[in-house]
Structure formats: C-alpha cells, structure tokens
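Open the model in a viewer and keep the selection tool at hand. The stops below go from particular residues to the whole chain.

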Amino acid sequence: MPGVEAVEGVGASRAYLQGDVRRDFDRWLEEGVARVSPPLSFREIRKGVQALSSLYVERRDGRDLSARALEGAAKRAALATFYAPLHFLVTWHLLASWSEGSPRDAVDTVWDLGCGTGAAGAALARGLAPMPRVVGVDRSGFALREARATYASFGVSAKTRRGRIPAALPPARAGDLWLFAYSINEFGDADREALLPELEAAVHAGVRVLIVEPLASSATRWWPAWRGPLEALGLRCDTWKRPLARPEWVARLDGAAGLDHRVLGARAAFGPLSVPVTV
C-alpha cells in the first residue's frame, strides 16, 4: 500500500498515522481493496463513493437510509475501502486531540453501537490504554462480517451481535463506553428521540459515551437540540477539523469522485470522564 500523500493547499498536514497502527491500517486497507477489486473496477467503486455521498448529503429522505446505503456491491465496496478508513482516521485523531487534561479511568468494554465496518470501534479500542474489548452491534450481516475483519486486523479482542439500535442497547454498566459513530444520523426521528433518554440514564449509571457524526448540517439537523442535554450530562461537544495526509487509495477515490477529504472533520460529543489514551 503506497504511503502518505501531501495535503495540497491546506496548510501544514501530518501523516495520517504512524508506527504500528499505521502498519496495521495500511495492511487492513490493502486487504479490503483486494477483496473488492476485482471483481469491481476502480470506476465502479468510484461510482459507489459518489452514490453514498449523494445519498447521505442530498437524498436522505425516504425509506431506511442505512439499508439503502448497502444496496449493491459498489456501495458496499465504497463503504469498506473509502468511508471506513476515513472513519478510522477521524476517530483516532479525535481521541488524540482529547488525550490531555482531566482524570482518567480505564474502559472495560467499548460497545460499538451501529458498528458498520467496525472502523471507529477499532480506532477507539487501539487508542485506549489498556485496550478494552469491543462488542460490535449492527443489524446488517455484511456490516458484522466487515467489523469482525476490522477488529481482527487491529488486534482488538471483539465479538459481534446482530441487533437494531436503539432496541438492542446493552445494559448500562459503569466502566463501559458506548460508541455511536456515524450511526445516529441514520436513525428515524422516533428512534432518535427514544435514544436520548436512554443515553441520559446510561451516563447516570456510569457509562461513558462517544458520539461521532458528519459535519454536514443535512445529516445533523438534530445536533443543536441534542447539544444542550449532552453538555448538561458532562459531555464535551466539539466541531473538530484537522488537515491530514491521505492514504493513496483514499486520495485517488477522493479526486475521481470530485470529493475533498484533505481536511477531516466531525461533530463529536465525549464524556463525561476522560480515559487513558496511547495516541
């Protein structure tokens, strides 16, 4: 897998990863690309990237967003080899940006809720010290297969469960961390409204929470209404951006699809306690 590409015209950028995690990331991405191409061509995967981008930004209304995102091999390949690496990098560098400050307590289990490919859960687990185990929960069999491969690629002790969030939320247990990475934006309004009181109860029981969502306002119209309640629970809410060099495969798809991820960004909420990190 080729190395770092400089971020043009955006000021100083840094390597997307370093050391052992860079080695594991590059191998994971290379293996993912090898699984999908062939049979798919680069052009077909590029079309999948464009289709997902359009779906999440412009065509959100309608039936079951998360199901539509997995329709067809090209969309699934785009999710696994383009969006999953971006989600890993966002989560890893978010965690690094929060690595200083308040008292730290170890996490026993990360619940990767609506885990998708498991990229964010793997990044979070690798960045915590000591590394917690992960339980990935998703209703999609494809997502769970990808998540198992992702967790294994990064040496994360993990298991997966099939279930639909919020109905399949785990019992609230002190020492656990509930991760919602790019999943709440896919909920219908009723499920999203049902989730917030569950989060409040979980935090009061000692659960920590990390929410990561896109910057696009079309995906996060609910965020302003959530920010006050989350901050009242002691979560830190940020709008985060950072220029990073891109893996070559991601940069190629970025350019071919007319997208620009030279600067990564997210809306995020984390807390109420900080945790030990290694990044």
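A disulfide is here a pair of cysteine sulfur atoms within 2.5 Å. By that criterion, a search of the whole structure, which is a predicted model, returns zero disulfides.

Stop 1: Select Cys115 and then Cys237. Cys115 has a relative accessible area of 7%, so the residue is buried, the cut-off being under 20%. Cys237 is also counted as buried, at 6% relative accessibility.

Stop 2: For background, most peptide bonds are trans, and most residues other than glycine have a negative phi.

**Stop 3: the loop between E5 and H7.** Select Tyr182, which lies between strand E5 (176-181) and helix H7 (189-204). Its phi is positive, near 60 degrees, although the residue is not a glycine. Is Tyr182 buried or exposed? Tyr182 has a relative accessible area of 13% and is therefore buried, under the 20% limit.

Move on to Ser183, in the loop between E5 and H7. Ser183 is buried too, with a relative accessible area of 4%. To see what surrounds Ser183, leave out residues up to four places away in sequence: it touches Leu113, Gly114 and Glu213.

**Stop 4: helix H6.** Select residues 141-153, the 13 residues of H6. At 1.5 Å a residue the helix should span 18 Å, and the end C-alpha atoms are 19 Å apart, so the two values agree. At the start of the helix, show the side chain of Ser140: one of its oxygens comes to within 3.2 Å of the backbone nitrogen of Phe142. Just after H6, Gly155 has a positive phi of about 70 degrees.

Next, colour H6 by burial. The buried residues are Gly141, Phe142, Ala143, Leu144, Glu146, Ala147, Thr150, Tyr151 and Ser153. What do the buried residues of H6 pack against? Their partners are the helices H1, H4 (73-97) and H5 (119-127), together with the strands E2, E3 (133-138) and E4 (158-162).

**Stop 5: the whole chain.** Clear the selection and show the protein chain, which has nine helices and nine strands. Of its 279 residues, 55% are buried. Counting contacts between residues at least 6 apart in sequence, 79% join residues at least 24 apart. The accessible surface is about 11,500 Å², and carbon and sulfur atoms account for 51% of that.

**Stop 6: colour by pLDDT.** The chain has a mean pLDDT of 87, with 85% of its residues at 70 or more. Which elements have the lowest and the highest mean pLDDT? Strand E1, residues 4-5, has the lowest at 34, while strand E2, residues 109-113, has the highest at 98. Finish on residues 1-10, where pLDDT is below 50; this stretch has 29 contacts in the model beyond near neighbours in sequence. Where pLDDT is low, predicted coordinates should not be read in detail.

Methods: Residues are numbered from 1 along each chain as its sequence is written. This is a predicted model: local features need pLDDT of at least 70, side-chain atom pairs count only at pLDDT 80 or more; totals for chains, interfaces and linings use all residues. Side-chain values use heavy atoms; hydrogens and water are left out. Helices (H or I, at least four residues) and strands (E, at least two) are DSSP runs, numbered from the N terminus. Buried means under 20% relative accessible area, exposed over 50%, partly exposed in between (1.4 Å probe, protein chains only). Contact means heavy atoms within 4.5 Å. Accessible areas come from the Shrake-Rupley method with a 1.4 Å probe; for residues, only the protein chains shown count as cover. pLDDT is the predictor's confidence in each residue, from 0 to 100. The expected span of a helix is 1.5 Å times one less than its number of residues. A polar contact is a pair of N or O atoms within 3.5 Å; within protein, one must be able to donate a hydrogen and the other to accept it, and residues adjacent in sequence count only if both atoms are side-chain atoms.
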